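Me: I have a model open and want to learn how to read its features. Where do we begin?

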Amino acid sequence: MLRTVVSAQEAQKIKQLLLESRNVVITTHTGPDGDAIGSSLAMYEYLKRKGKQVTVIVPNYFPDYLHWMNDADKILQYDRRRAMSKSFIQQADLIIALDYNAPYRIDELQLPLSYCKCKRLMIDHHEDPEHYCTVELSRPEMSSTCELLYRLFVAMGEEKQINIHCAEDLYAGMCTDTGRFTYNSNDPEIYEIIAGLMRKGIDKDMIIRNLYNQYSEGRYRLLGHILLNKMEINSELHAAIFSVGREELKQFKYIKGDAEGFVNIPLEIKGIKLSISLREDTEKDRIFVSIRSFDDFPANELAERFFNGGGHFHAAGGTVYCSMDEALETARKALEAYREQLIEVKSEK
Ligand code: 5GP
Ligand code: MN
């Protein structure tokens, strides 16, 4: 038995909302990751079984390593299929927001949704949600939206409706949002949920191979370059910073998704508890910032203060519109601003 995270009352309310709707549009955040796509497709599988007309619309491209999921090819990418996406949105009587806490997280997809008068349901695990939905299920203490969604299915008395594809999607989201269960994953119930998903017949090992062994050669050449030539280590402050510019990305035949997870790698070095990645966009003049931390270091606070961003305590990000030299300067300044916290070593890794 899992502890109560979603109350019977809340579950009932959400079930009613889902079952009374006929045309559902599922949306998730820009730059969708495993949890975003996993939770969206898991909900899609569930609603299909309930006989609903359901469409998943994502703001933009999602990486190749998520394309193995059942019906991933049915997902509409808003930036490529605007007219078709809009027509589904116009017909919708329910819009579900999965794995994001505020409209700005879906970029341009905000606009067509803002014209829609239909009901909205948020299911998410990010802190400080904006209160714009009819029903909001926000649980920042959950490791992933997929974990929360599994608990919701159970609380709605719908555990039996989780088919193998839905189980695969949920497992994929839980796995990717915890770095294959290496962080944010100390809750024993996570493993009870995995056991429940495995009883649905999923091949966990195959899912992990699908998620992690599908990268391009260029990704590893680029990683080699970054680690050898670009990574700055500040051993006194237990921090690492690296930047990668548009020209370098081109040189290594960068395709979207190739740099995913790079920011975690410096944390594998003994003593490092903060890692900052600065990556120039290949199209627009902007720099994506990714921040990861260990222990008591608040990555989200640093992201907010220095990079117009936010996120989770140990995994955060933001975007800046300046030159790479300026962004690097900002990152170095940020380290200095947190000197006292960074200099201290709390725990042995
Ligand atoms: P990533 O480094 O994987 O792009 O992002 C890590 C986490 O940081 C995301 O799950 C998200 O919560 C948060 N994040 C990334 N970019 C932004 C941003 O621009 N604003 C806010 N508020 N959070 C962000
Ligand atoms: Mn998530």
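Reply: Begin with one bridge. Thr27 has Ile57 in strand 2 as its bridge partner. Keep in mind that this model is predicted.

Me: Which strands pair there, and in what sense?

Reply: The general idea comes first. Strands of a sheet pair through backbone hydrogen bonds, either parallel or antiparallel. Here strand 1 (residues 23-28) and strand 2 (residues 53-58) run parallel, joined over five bridges.

Me: What is the strand order of the open sheet with parallel pairing?

Reply: Read it as 3-2-1-4-5-6, an open sheet of six strands. Strand 3 and strand 6 are at the edges, each with a single partner strand, so one side of each has no neighbour in the sheet.

Me: Which strands does helix 5 lie across?

Reply: Helix 5 (residues 145-155) lies across strand 4, strand 5 and strand 6. The angle to strand 5 is about 115°.

Me: Now the metal. Which residues coordinate the manganese ion (ligand 2)?

Reply: Look for the donor atoms. They are Asp35 (OD), Asp99 (OD), His125 (NE2) and Asp177 (OD), at 2.2 to 2.4 Å. Along the chain the donors follow the spacing D-x63-D-x25-H-x51-D. Among them, Asp99 and His125 link distant parts of the chain, 26 residues apart. Asp99 is in the loop between strand 4 (94-98) and helix 4 (110-114). His125 is in the loop between strand 5 (119-124) and strand 6 (135-138).

Me: Are Asp99 and His125 buried or exposed?

Reply: Asp99 is buried, with a relative accessible area of 1%. His125 is buried too, at 3% relative accessibility.

Me: What is the order of the open sheet with mixed pairing?

Reply: Six strands run in the order 7-8-9-10-12-11. The edges are strand 7 (232-234) and strand 11 (310-311), each pairing on one side only. Inside this sheet, strand 8 (residues 239-244) and strand 9 (residues 274-280) pair in the parallel sense over six bridges. One of the bridges joins Ser243 to Leu278 in strand 9.

Me: Which strands does helix 11 touch on the sheet?

Reply: Helix 11 (residues 299-307) touches strand 9, strand 10 (287-293), strand 11 and strand 12 (315-320). Its direction makes about 10° with that of strand 12. Helix 9 (residues 217-230) lies across strand 7 and strand 8, at about 125° to strand 8.

Key. Residues are numbered from 1 along each chain as its sequence is written. Chains are lettered from A and ligands numbered from 1 in the order in which they are written. This is a predicted model: local features need pLDDT of at least 70, side-chain atom pairs count only at pLDDT 80 or more; totals for chains, interfaces and linings use all residues. Side-chain values use heavy atoms; hydrogens and water are left out. Donors are N, O and S atoms within 2.8 Å of the metal (3.2 Å for Na, K and Ca); water is not among the atoms, so sites may look incomplete. Helices (H or I, at least four residues) and strands (E, at least two) are DSSP runs, numbered from the N terminus. Buried means under 20% relative accessible area, exposed over 50%, partly exposed in between (1.4 Å probe, protein chains only). Two strands pair if DSSP finds at least two bridges between them. Contact means heavy atoms within 4.5 Å. Axes are lines fitted to C-alpha atoms, for helices over the stretch in contact, and angles run from 0 to 180 degrees between N-to-C directions.
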